[in-house]
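Q: I would like to go through this model step by step. Could you start with the terms I need and then take my questions as they come?

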Number of protein chains: 2
Amino acid sequence: MPRRTRGTLPDGRRVPTRTRKKRETYHHGDLSNALVGAAIDIISKDEELTLREVSRRVGVNHRAIYRHFADLTALLAAVAEQGYRNLLVTLKEALADLKRAPAEKRMEALATSYVAFALANPAHYRIMFGRRLNEDGRFPILEELVLEAFELIDGEILAGIESGRFVSRPRRETVFAFWSLAHGFASLALVRRIKLKPALVDPYVRQIVSPFVAGLRAL
Amino acid sequence: MPRRTRGTLPDGRRVPTRTRKKRETYHHGDLSNALVGAAIDIISKDEELTLREVSRRVGVNHRAIYRHFADLTALLAAVAEQGYRNLLVTLKEALADLKRAPAEKRMEALATSYVAFALANPAHYRIMFGRRLNEDGRFPILEELVLEAFELIDGEILAGIESGRFVSRPRRETVFAFWSLAHGFASLALVRRIKLKPALVDPYVRQIVSPFVAGLRAL
DNA sequence: ACCTGAACACCGTTCAAGT
DNA sequence: ACCTGAACACCGTTCAAGT
């Protein structure tokens, strides 16, 4: 059997989808976003993220990616960037649901929503925190977004101190302690060092966070 | 210039090391350990760990590895196993230096030595905690060693409760909280989300752990 | 029994063209 | 300007032999 001409069905008709997709991409000039979207789609299905697979999904030659991303790391950085934005939205929503709640409750909500995000987006979370993508300083946006998350946590701790619920402590260390706790729990759960029944994640996280929050109150 | 025959120096003499190494391996039948050792050597220099590079270092054909390890994951599991053993030794030594110290000090020592181990062996630590190597249950030894570490921490917390220094709490959750804190801090430091001056790591870790330990004391 | 060589199906990336 | 095809230097893994 002779090899089919590219883009042709066995009966001779043209393959429609690929070509149309490609056209669209050219048209709205949104190949960059399409590539990031395809990449996130791939990892959300826990499939292997490669440049070649991304290009296949979008329907372009794998070399076309280099027009928009210098290399694989640059694409991963764009994926991570989107992940940080999503995480920030998640955390802010969790806090918005708890207006006027005491500082302890708000810290708990930060922790539970943080862990829930990681468990709901395991591959995405791993790209965000697994490797150092900004090693050579090419993606300062990543640092900025991480800083924004840092400041979100810091703001809650400061509010707790100002309201008299938390004892004053070195803030930087306290933020990192909280973050270490949430990140450590999330990543241990992701590699199944901690085994969790999905329905019981939130109470478990609250139990985990409680000695820490108790420590913020204590002398 | 014609390509040299394999194993021959420019002046025609035979290359000694490779061949000798190979012979030795055959002799004491220790290829398996030699491979793991070479793998650890590679990652300790932060070079890329591949089956082919490991085989090159040991001086065998890359196919020879499959005689001892089913696949790359099996070799990584052996590397991780050695890592867990080293970590356990480190933690036990830290505790041995603190006989009769109060529970708070011993918890602090566990945390500082844990983080120090991760920072001193970054690539090794990443293999131990980065991916789920035992996904298909082929390497139960990994679970056993992790359990041993769990029980080490658990023993300290129990001792703290029995000595009256810590308030009684659900132990499993408390162990995982402590572990999350240490692991989270270590891995955030490894990806440089937390930036540390090497000399100040221990005091920093103690600051991080202190609200948690305070919480173990508090009601 | 143990090791090897050639081959396969993938990668990311580079070079040199095509339109 | 933007996309492509062929090629390169790597992988891990499989197959079929070699001693």
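A: A residue is near a molecule or strand if its C-beta atom, placed from the backbone, lies within 6 Å of it. This is a predicted model, in which local features need pLDDT of at least 70 and side-chain atom pairs count only at pLDDT 80 or more, while totals for chains, interfaces and linings use all residues. Residues are numbered from 1 along each chain as its sequence is written, and chains are lettered from A and ligands numbered from 1 in the order in which they are written.

Q: Which residues come nearest to DNA strand C?
A: There are 16 residues around DNA strand C, and A:T50, A:L51, A:D71, B:N61 and B:R63 come nearest.

Q: Which helix gives the most to that surface near DNA strand C?
A: Helix α3 (residues 51-58) of chain A gives the most, with three residues. Helices (H or I, at least four residues) and strands (E, at least two) are DSSP runs, numbered from the N terminus.

Q: How many nonpolar, polar and charged residues does the surface near DNA strand C have?
A: The surface near DNA strand C has seven nonpolar, three polar and six charged residues. Here Ala, Val, Leu, Ile, Met, Phe, Trp, Tyr, Cys and Pro count as nonpolar, Asp, Glu, Lys and Arg as charged, and the others, Gly among them, as polar.

Q: And what comes nearest to DNA strand D?
A: Of the 16 residues around DNA strand D, the nearest are A:N61, A:R63, B:T50, B:L51 and B:D71. Helix α3 (residues 51-58) of chain B gives the most to this surface, with three residues. By class, the surface near DNA strand D has seven nonpolar, three polar and six charged residues.

Q: How many residues does the contact take from chain A and from chain B?
A: It takes 31 residues from chain A and 31 residues from chain B. On the chain A side, α8 (171-190) and α9 (201-217) each supply at least two residues. α8(A) gives the most to that side, with 12 residues. The side of chain A that touches chain B divides into 18 nonpolar, eight polar and five charged residues. Two residues are in contact if their C-beta atoms, placed from the backbone, lie within 7 Å.

Q: Why do the copies meet through the same surface?
A: 100% of the interface residues of chain A are also interface residues in chain B, so the surface is the same for the copies.

Q: New topic: how many helices and strands does chain A have?
A: Chain A has nine helices and zero strands. Buried residues make up 35% of its 219 residues. A residue is buried if 20 or more other C-beta atoms lie within 10 Å of its own, exposed if 12 or fewer, and partly exposed in between, with C-beta atoms placed from the backbone. Among contacts in chain A between residues at least 6 apart in sequence, 63% join residues at least 24 apart.

Q: Which residues touch the most other members of the largest nonpolar core?
A: That core has 119 residues, and A:L181, A:F185, B:L181 and B:F185 touch the most other members. A nonpolar core is a set of buried Ala, Val, Leu, Ile, Met, Phe, Trp, Tyr and Cys residues joined through C-beta atoms within 7 Å.

Q: What is A:F185 in contact with?
A: Leaving aside neighbours within four places in sequence, A:F185 is in contact with A:V115, A:I194, A:V205, A:I208 and B:S180.

Q: How many residues of α5(A) are buried?
A: In α5(A), 13 of the 18 residues are buried, and the helix is mostly covered.

Q: Is A:E53 buried or partly exposed?
A: A:E53, found in helix α3 of chain A, is partly exposed, because 15 other C-beta atoms lie within 10 Å. Apart from neighbours within four places in sequence, A:E53 is in contact with A:I42 and A:E48.

Q: And is B:A103 buried or exposed?
A: B:A103 is buried, with 21 other C-beta atoms within 10 Å. B:A103 is found in helix α5 (residues 103-120) of chain B.
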